[in-house]
Amino acid sequence: MKQVVQNYKSGELAVLDVPVPGCKPGGVLVRTAYSLISTGTELMKVSEAGMSMLGKARSRPDQVAKVMQSVATNGVPATYRKVMGKLDSYTPLGYSLCGVVEQVGAGIDDVKVGDLVACAGNEHALHAELNWVPKNLYAPVPDGLAPRHAAFGTVGSIALQGVRQGESRLGEVALVIGLGLIGQLVVQLLAASGVRVVGADPDPVRCELAERLGAAACGDPASAAVEAAVAELTGGHGVDQVYLAAGGGSNQPVELAARLCRDRGRVVDIGKCRLDLPWNAYYEKELDVRFSRSYGPGRYDPEYELEGRDYPIGYVRWTERRNLACFLDLVARGSVDVEPLVSHVADFDDAVETYQRLKDGDLKAVAVLFRYPEPAGEAEEAEAPAVAVPAVKRPSGGVSTPARAAKTPVRLAFVGAGNYATSMLLPHLAQRDGVELSTVVTTTALSAANAQRKFGFAEATTDLDAVLGDKSIDAVFVVTRHSSHAELTRKALLAGKTVFVEKPLALTEDELAGVLAAVEESGNDRLQVGFNRRFAPLLQEARQRFGARTGPASLRYLVNAGRLQHGSWYLQQGTEGSRFAGEGGHFIDTASWLLGADPVSVYAVAASGNEDLQVVLRYPDGSTATISYVTNGAPGFPKETLDLVADGKVLRLDDFVRASLFADGGAGRKRWVSSRLPKARDKGQNAELAAFIKAVRTGGPMPVPLESLVATTAATLAVQAGLAGGAPVTLARAR
């Protein structure tokens, strides 16, 4: 299928061929009939992409702050790869469309194949021929409403939410500053509510349009016309509400709002304009400044948008989905007229030219629609207290991986191509001799196309079954969200593939048991979990210098995990598990590797009210490891520090940048400090991948024994059981 994309680094716009997105449970696959260009938001994004790197940084200081924090945590090279990887990727455009349901995912019963729906979301209602849209981001189109008009649903919801934030009442007077697409819709919604409206915009054509659509008077904000109209309509008291629907870097809209608003009036920010509030003006009138967040309650909440968890109507009357349905109803009943806003309708194939004309100013428009070609055929509906460490059972005569011919490349498939895969794994594999990146599989079409372009995959698809059935593929990398790891690993093992799965292997005991059942059923035990730290060169050298132990050891591991950004999918504990369940295996595996054994018991306690944990692991020889996993530490402090104490020696690791060893020997004190700071933090991904590829190529043993992977996973899962029970959990070996 085709999709409009932009490279944020170069500013290039393109209509790209990408895989058709999969129809996941909880949503529908929609074939687009019309999609709407937001001439404000989208053109701002297009303009930013054309800036220099310095210009981009100045326009997004919030992102610069995140980059600096990443440098402190991960180092310059890793941060550079991550940032440039994001910049030099195709990003989608669009967030408002109307189309026909082509497939229905499991759990959806409110629409059927062939229904017309309006869709919202800058990740789901894109300028693309097909989009997968979750339940709370689409709404059925009322009978008789034209698809081109229903395509306004999302921008209409933004305007509607702004009006709701203003709490307009019958007979009041409002000022709308900025008469672009959103402003024109706000004018109509206010007029339909019995509010008299004054509009302000320097464009006389837009002012004339707003007056035709219900405004009492409009004019240039720099002229006296707007102030005169407000004085006449309000008896000199000022407007009850001001709606800021303008963009740009001028502070004039904010100053005009203060001047023309009545005492204790309301100012609602809908657009993205400069907000340097003049203190005296806002204080003296005690103005109520409000923000309108996108389409309404539910926006940016992954449980609402992605998991389909609605808010009870008794508590949240107008969610983003209910706003979408309400706006469609208003248009269908004629209370809002969007047809006069349509300045231009372009064929989807002409998308790049249309954007360029808008950017250059050749096409002056309030709203522009893309019209999509009719489908060739009609689609069919798609069918929708003691923790046992599981024993690893390998049937005799099981599957073995033969050694490959020396010059035959190892063919790899990737399931998932998110940030970690594209910044920490694929850059190493793309440069490795004897490796062929065969196929990348994602549920989001554009991420697959990006990975194919950047790393040279032969194919990009959303069809996992086709990959698992491809006998020419030697190994499958599972680099998806945590909740899918176990099931995807199980399927790949049953298909006879060697599997590399990022941590965690499983989030529950049942998931772990399912993976091991697949090993037993297939006889295929060719599995590696991405516990990369044991492969870190600095830690490898430090362990070698420490030497063999003669007595028990004490290990302390401080993980300064830090707080997650709001909206991170790591916070979706209901589906993705706790943070420690997701990444705790890294630290348990490192401790077990350094101590040369698997733990026999786990004790865990949590700080009240947050995710900070103290995890104590006990080992067969009496050694202990304490992992302090904290989220409320200083962000500038190193993420990982480790001390290993035994036999009169202390090994110290500082965040994979520096290591030291202190020892009392027969000849007196000895000290070793890593000779020089490495060029970058090397947490072992490259060495881990080299060991994995070697095992695939030669048919030799996997880099980490399966028993160790299972023991680490079981210990990680036991942490949650220990927290619930408040007592140590024995890791009993299953027989």
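**Notes on the predicted model**

1. Tyr603 counts as partly exposed, because its relative accessibility is 31%, where partly exposed covers the range between buried (under 20% relative accessible area) and exposed (over 50%), computed with a 1.4 Å probe and protein chains only. Tyr603 is placed in strand S25, residues 601–606; helices (H or I, at least four residues) and strands (E, at least two) are DSSP runs numbered from the N terminus. Together with Val605 and Val616, Tyr603 forms a nonpolar patch on the surface, and the three have about 200 Å² of accessible area together. Patches are made of residues with over 30% relative accessible area and no salt bridge, with like charges joined within 9 Å and nonpolar side chains (Val, Leu, Ile, Met, Phe, Trp, Tyr) within 5 Å.

2. On the basis of the model: this is a predicted model, in which local features need pLDDT of at least 70 and side-chain atom pairs count only at pLDDT 80 or more, whereas totals for chains, interfaces and linings use all residues. Residues are numbered from 1 along each chain as its sequence is written, and side-chain values use heavy atoms, with hydrogens and water left out.

3. As to the overall figures, the protein has 24 helices and 32 strands, and buried residues make up 51% of its 735 residues. Its accessible surface comes to about 31,400 Å², of which 51% belongs to carbon and sulfur atoms; accessible areas come from the Shrake-Rupley method with a 1.4 Å probe, and for residues only the protein chains shown count as cover.

4. Strand S1 (residues 2–7) is mostly covered, five of its six residues being buried. S1 pairs in the antiparallel sense with strand S2 (residues 13–17) over five bridges, and also in the antiparallel sense with strand S4 (residues 90–92) over three bridges; two strands pair if DSSP finds at least two bridges between them. Val4 stands opposite Val15 in S2, while Val5 stands opposite Pro92 in S4. The hairpin of S1 and S2 has five residues between the strands, and Gly11 takes a positive phi near 85° there.

5. The structure holds 34 salt bridges, a salt bridge being a side-chain nitrogen of Lys or Arg within 4 Å of a carboxyl oxygen of Asp or Glu. One of them joins the side chains of Lys683 and Glu640 (3.4 Å, N to O). Lys683 lies in the loop between strand S31 (668–673) and helix H23 (685–698), and Glu640 lies in strand S28 (residues 640–646), so the pair ties together parts that are 43 residues apart in sequence. Both Lys683 and Glu640 are buried.

6. Arg309 and Glu303 also meet through their side chains in a salt bridge (3.4 Å, N to O). Arg309 counts as partly exposed at 43% relative accessibility, as does Glu303 at 31%. A further salt bridge links the side chains of Asp654 and Arg652 (2.9 Å, N to O), where Asp654 is partly exposed at 22% relative accessibility and Arg652 is partly exposed at 26%.

7. Thr319 is buried, with a relative accessible area of 0%, in the loop between helix H12 (302–305) and helix H13 (320–332). Its side chain makes a polar contact with the side chain of Tyr304 (3.2 Å). Leaving out residues up to four places away in sequence, Thr319 touches Pro297, Tyr304, Asp310 and Tyr311, contact meaning heavy atoms within 4.5 Å.

8. Ala715, in helix H24 (residues 706–725), is likewise buried, with a relative accessible area of 0%. Ala715 touches Ile588, Pro599, Val602 and Leu731, not counting residues up to four places away in sequence. Ala715 and Leu617 are 98 residues apart in sequence and 8.5 Å apart in space, C-alpha to C-alpha.

Conventions:
A polar contact is a pair of N or O atoms within 3.5 Å; within protein, one must be able to donate a hydrogen and the other to accept it, and residues adjacent in sequence count only if both atoms are side-chain atoms.
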